[in-house]
Amino acid sequence: MKFFLFLLLSSLISFSHAEDLLVPISKFDNDSQQLADSRVLEFWAYHNYDGSDNYVNTLTLRYYNPLEYDSWRGRVRLDTSVVSNFNSLTAPNGSGQYSAGNTMLTVWGQDHTFLKPLHALFGGRVIFPFGNNGQWAVGPQLGWTFTPEVDSLLHVTDFSPLLRYMYGFDTKNNSPSVNPNQPPLLRKLQIFPTIGFELTPNTMLRFWDENGMAYNSAGGGWFVPIDAMVTHRLDKNWVVAIGGSKQLVQTYRQYDWSSYAKISFNF
C-alpha cells in the first residue's frame, strides 16, 4: 500500500512538472494567418553521409518573397543548389565536382473559402528536372502555426506542423533511357512536426524545421530522423543557424546523418 501511494504521489509530481515544462494543447492559438511580409535571402551549406562511404556536399540559395492577389496573401520560396558527390577514394570539392542540384518553387498562403474548416495555409511545391534530379515533381501542402497563449519553463515559441505529398513524373526528353542516373520517381509524404523553443531573446532551438519525416507511398518504408537547429539573430537583418540531423528509422533510404548551416539576410 505504501509503495502504491509512493507511485501515485510520484506520478502526480511528474505530471505537475510536465504541466510547468510544456504548454497544454488547449493553450495554443492558431496563428497561421499571420504571414511575414519581409523578403529573405538565405545561403545554406549541407554535408550529408549515406552510411555507405558516400558523401554529398550541397550549397543552396533560398529566397522568400511576399505575394498578394486581391484578398489572398501568401509567400513564395525559390530554392536552387549545386551538389558534389564523393567518397573516401575521391577528393571533395575538386575541380568539376559540383553539378546542378534541385531547383524548387514553393507557394503557400491563406484562403478564406478553400478548406476553410482546416484553418490552414494551403500551397504547393514544384521540383524542376534540372541536374541529376531527372524528373518533374509536384505536390500540395498544408501547414499551420500554433503559438502558446501562456509561457512555460521550456519557453515554447510555436508548434508549426506541415504536410506535403510529392509526386514525380518523367518528361519525354528526360526519361531513364536519356538520363539513367536519375533517382526513382518520387511518391513521398513529407511530415514536419516543427516545434520551437526560446533559449535567449535572440536564440532559438527548433526541431524538425529543416528535415522532417517521410513515407514512401510507392514501395513502403519510413524515414524518421531527429533534427535540431539553433538559430541566432545578430540584428534585425541578419540571422545565422547551425543544425544537424540523424536517422532513427530508415526503412525508406534517405541519409544516415546530415549537418548544415545558414546565413540569412532579411530586408
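Asn211 lies in the loop that connects β11 and β12. In this predicted model, Asn211 is buried, because its relative accessible area of 15% falls under 20%. The side chain of Asn211 makes a polar contact with the side chain of Asp227, at 3.0 Å.

**Surroundings of Asn211**

- Asn211 and Asp227 are separated by 16 residues in sequence, while their C-alpha atoms are 6.1 Å apart in space.
- Leaving aside residues up to four places away in sequence, Asn211 touches Phe192, Pro225, Asp227, Ser245, Tyr255 and Tyr260.
- Two of these contacts, Asp227 and Ser245, also stand opposite each other, with Ser245 located in β14.

**Strand pairing around β13**

- Strand β11 (residues 203–207) runs antiparallel to strand β13 (residues 222–233), and 5 bridges join them.
- Within that pairing, Thr203 has His232 of β13 as its bridge partner.
- Strand β12 (residues 213–216) is also antiparallel to β13, joined by 2 bridges.
- Ala214 has Phe223 in β13 as its bridge partner.
- The hairpin of β12 and β13 has 5 residues between the strands, and Gly220 takes a positive phi near 85° there.
- β13 pairs with strand β14 (residues 238–250) in the antiparallel sense over 11 bridges.
- The hairpin formed by β13 and β14 has 4 residues between the two strands.

**Aromatic pairs**

- The structure holds 15 aromatic pairs.
- One of them is the tilted pair of Tyr49 and Trp257, with 5.8 Å centre to centre and 40° between the planes.
- This pair links distant parts of the chain, since Tyr49 is in strand β2 (residues 40–49) and Trp257 in strand β15 (residues 257–266), 208 residues apart.
- Tyr49 is buried, at 17% relative accessible area, whereas Trp257 counts as partly exposed at 27%.
- Phe223 and Tyr255 form an edge-to-face pair, 4.8 Å centre to centre with 65° between the planes.
- Phe223 lies in β13 and Tyr255 in the loop between β14 and β15, so this pair ties together parts that are 32 residues apart in sequence.
- Both Phe223 and Tyr255 are buried.
- Tyr49, Tyr55, Phe86 and Trp257 form one aromatic cluster.

**Charge over a ring**

- Arg187 places its charged end over the ring of Tyr167, 3.7 Å from the ring centre.

Terms used
Residues numbered from 1 in each chain as written. Predicted model: local features only at pLDDT ≥ 70, side-chain atom pairs only at ≥ 80, totals over all residues. Heavy atoms only, no water. Pairing = 2+ DSSP bridges. Buried < 20%, exposed > 50% of the residue type's maximum accessible area, 1.4 Å probe, protein only. Contact = heavy atoms within 4.5 Å. Polar contact = N/O pair within 3.5 Å; in protein donor to acceptor, adjacent residues only side chain to side chain. Phe/Tyr/Trp six-rings, centres within 6.5 Å; stacked < 30°, edge-to-face > 60°. Lys NZ or Arg CZ within 6 Å of the ring centre and 35° of its normal.
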